[in-house]
Structures are given as C-alpha cells and as structure tokens.
Amino acid sequence: VASKPAVIRQYAALPYRRTKKGVLEVLLVTSRETRRWVIPKGWPISGVAPHNLAALEAMEEAGLLGKIADKPIGSYRYDKKRSDGSVVHCTVDTFAFEVEQQMPTWPEQDERKTKWFAPEEAAAKVQEPELRDLIKRLAKQFR
C-alpha cells in the first residue's frame, strides 16, 4: 500500500499595487520549470516568520519591495512535481503584499518573467482554483 505523501507548507506573497488612476493590479511571475503563471513563494526557513519569508521570495523572484501583511489572506493547495518525478502536496499560506517598488535588478530576473495584470486577468492566468479565489478575494477587499 502506497503511503499518502505528506503535505508540505509553503509561504507566498500575493503582490498588488494601485495605479495612479486607482486601478488595482496583481503581479504574477512565471515558474522556473513549467513557465506557468504563479505568485512568489518558497519553503520555510528556520527562524524566519512566514510573512517575512513571503516578502523575501517576492524580492528574490520579482524584485519587489513593499509592505507584507502579517496574517495570511488564505491558502491554496497544489501538487509540486519534483525533479525526480515524485509529487509533493503543498499548502501555500498566502500574504497580501503591497508593492512599493520593483528593483531594476534582482536575483532570479533571468529565470522568470513578471507581469502586472488586472485581478480578473491574473485569476484567469493561474491554474490553481484556490489561488484564483484568493486573487478575487483580494480584489473584493479593494473595491
């Protein structure tokens, strides 16, 4: 009997900004392997608070600086395929991240694309239904 894979927790930033006209936008990044549109996220680091880890990932993956909420707006689940072909079930606690600036250079800029989207468009671009819901929930909070 195959044992059920463990569920592993990750932490993510859901980056957003308001344009000068007050329009809400959400930033997505591409994943390194499959080039899907996702949000910046990472594995826990001992001694780093989850919301701070999410902010760090936003900086490394997209060059973003700003204010991270200290409580998650929710979480979503997805299956991460490992390089050895195994699959890990991940639950991703997601923190709203108000972007103040995008740096001109950042650690992973040659490995990923970043793009600002209207919330509805961002929700349509991501594959995970629960992440889609989180983006819509964020948009509702800012109406």
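**Entry 1: strand β1 and its partners**

I began with strand β1 (residues 7–18), which runs parallel to strand β7 (residues 87–102), with 10 bridges joining the two. I count two strands as paired if DSSP finds at least two bridges between them. Strands here are DSSP runs (E, at least two residues) and helices are runs of H or I of at least four residues, both numbered from the N terminus.

Before going on, I noted that this is a predicted model, where local features need pLDDT of at least 70 and side-chain atom pairs count only at pLDDT 80 or more, while totals for chains, interfaces and linings use all residues. Residues are numbered from 1 along each chain as its sequence is written, and side-chain values use heavy atoms, with hydrogens and water left out.

Which residue of β7 is the bridge partner of R9? I found T91 there. Next I looked at strand β4 (residues 41–42), which runs antiparallel to β1 and is joined to it by 2 bridges. On that side, Y11 has G42 as its bridge partner.

Strand β2 (residues 24–30) also pairs with β1, in the antiparallel sense, over 3 bridges. The two form a hairpin with 5 residues between them, and G22 in the turn has a positive phi of about 85°. I also jotted down a general point: in a regular strand the side chains alternate between the two faces of the sheet.

The term means a side-chain nitrogen of Lys or Arg within 4 Å of a carboxyl oxygen of Asp or Glu.

The cut-offs I used are under 20% relative accessible area for buried, over 50% for exposed and partly exposed in between (1.4 Å probe, protein chains only).

R17 has an aromatic neighbour too: it lies over the face of W116, at 3.9 Å from the ring centre. For a charge to sit over a ring, NZ of Lys or CZ of Arg must be within 6 Å of the ring centre and within 35 degrees of the ring normal. K41 does likewise, with its charged end over the ring of Y78, 5.0 Å from its centre.

**Entry 2: other salt bridges**

How many salt bridges are there in the whole structure? My search found 9. One of them joins the side chains of E128 and R36 (2.6 Å, N to O). That pair links distant parts of the chain, 92 residues apart: E128 is in the loop between α2 (119–125) and α3 (129–141), and R36 is in the loop between β2 and β3. E128 is buried because its relative accessible area is 8%.

I then checked E108 and R112, whose closest N and O atoms are 2.6 Å apart in a salt bridge. E108 counts as buried, because its relative accessibility is 11%, and R112 counts as buried because its value is 11%. Salt bridges that share partners join R32, E61, E108, E111 and R112 into one network.

**Entry 3: aromatic pairs**

I searched for ring pairs next. Rings of Phe, Tyr and Trp (its six-membered ring) pair if their centres lie within 6.5 Å; planes under 30 degrees apart count as stacked, over 60 as edge-to-face and the rest as tilted. The count comes to 2 aromatic pairs. One is W37 with F117, edge-to-face, 5.2 Å centre to centre and with 85° between the planes. It links distant parts of the chain, 80 residues apart, with W37 in strand β3 (residues 37–38) and F117 in strand β8 (residues 114–117). Both W37 and F117 are buried.

Y76 and Y78 form a tilted pair, 6.2 Å centre to centre and 35° between the planes. Y76 counts as buried because its relative accessibility is 1%, and Y78 counts as buried because its value is 10%.

**Entry 4: helix α1**

Last, I looked at M59 in helix α1. M59 is partly exposed, because its relative accessible area is 22%. M59 and P40 are 19 residues apart in sequence and 8.6 Å apart in space, C-alpha to C-alpha.
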